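Please look over the sequence and the model below before reading on. The questions and answers that follow take up one topic at a time.

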Amino acid sequence: MLDLKLTKDLRLTDGVRFESTNIQSAVDTSGVFLDPALTAPGTNIPLTLMSPNSVYKPGYKPYYSLNTTYNFRENMNFRAGFNTTLARPELREITNVFEFDAFQMGLVVGNPKLINQTTQNLDFRWEWFPNSGEVIAVSLFGKRIENQLYKVFSLKTSGLAATYPEYPTIRFENDPNVGKVWGVEFEIVKDLGRMWDPLRNFFAGTNLLLAQSDIKKSPERLEANRSLDRHTPDNSPLFEQAPSLLTVG
């Protein structure tokens, strides 16, 4: 890590770290119940037995951070920052076993082929400290996301000919396309003691995030969407990316 003061008002802070991933699962399938009707003599139900064990061990990879701070005034800063981060799949997301989710009414299955999600972050921030412990700030940010982790819902139904209850499968995948997120963030922290002396040890803060996101749909997803709506666009917001977020504390 490097912390360097280039001039009286300009400060540079940067660093690099190396991370590796080691996620492994071993599932004991002894004593697992299998409906005898599926293996009874004369049945013609195809069964594909899968190994539920999984291993994901990519080697070390560098991740960078670069931040510049310009002290415009004694109580006011301008900041610019760039960094790279990762998000690892969870153990249950890579373990190749089925479990029924009563809330989503589907069979959730892991995917041993998942890889880490990587993100490049860029942001600009203006900060004003009107009094000790108080801050008013505005940030502009952008993200570039590769291999985003998301869920795929799939239902292959026999319709009226179905002889068993049919539920969709919910599988974790890496999106093959690059996603983008951009937006603005507002932050205010106020010393309540300046308004009423008995509250001199209390602070109130609020944060508002407004964001937009965009990613090109994969051919399979676009085909599935257009089977329901032939006018559906080629792109969509990123999975689980909220357009706005308000926190108060």
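A salt bridge here is a side-chain nitrogen of Lys or Arg within 4 Å of a carboxyl oxygen of Asp or Glu.

Q: By this rule, how many salt bridges does the count come to?
A: The model is a predicted one, and side-chain atom pairs count only at pLDDT 80 or more. With the rule applied in this way, the count of salt bridges comes to 12.

Q: How many residues apart in sequence are the parts that the pair of Arg88 and Glu19 ties together?
A: Glu19 belongs to strand E2 (residues 10-19), whereas Arg88 lies in the loop between strand E6 (76-87) and helix H2 (91-94). Because the two residues sit in these separate places, their pair ties together parts whose separation in sequence is 69 residues.

Q: Is Glu19 buried or partly exposed?
A: A residue counts as buried under 20% relative accessible area and as exposed over 50%, with partly exposed in between. The relative accessible area of Glu19 is 21%, so Glu19 is partly exposed.

Q: Which residue in E12 is the bridge partner of Lys151?
A: Strands of a sheet pair through backbone hydrogen bonds, either parallel or antiparallel. E11 and strand E12 (residues 169-174) pair in the antiparallel sense, over six bridges. In E12, the residue that partners Lys151 is Phe172.

Q: How far apart in space are Asn67 and Gly15, C-alpha to C-alpha?
A: Asn67 is placed in strand E5 (residues 61-73), and its contacts, leaving aside neighbours within four places in sequence, include Arg11, Leu12 and Thr13. Although Asn67 and Gly15 are 52 residues apart in sequence, their C-alpha to C-alpha distance in space is 9.2 Å.

Key:
Residues numbered from 1 in each chain as written. Predicted model: local features only at pLDDT ≥ 70, side-chain atom pairs only at ≥ 80, totals over all residues. Heavy atoms only, no water. Helix = DSSP H or I, 4+ residues; strand = E, 2+ residues; numbered from the N terminus. Contact = heavy atoms within 4.5 Å. Pairing = 2+ DSSP bridges. Buried < 20%, exposed > 50% of the residue type's maximum accessible area, 1.4 Å probe, protein only.
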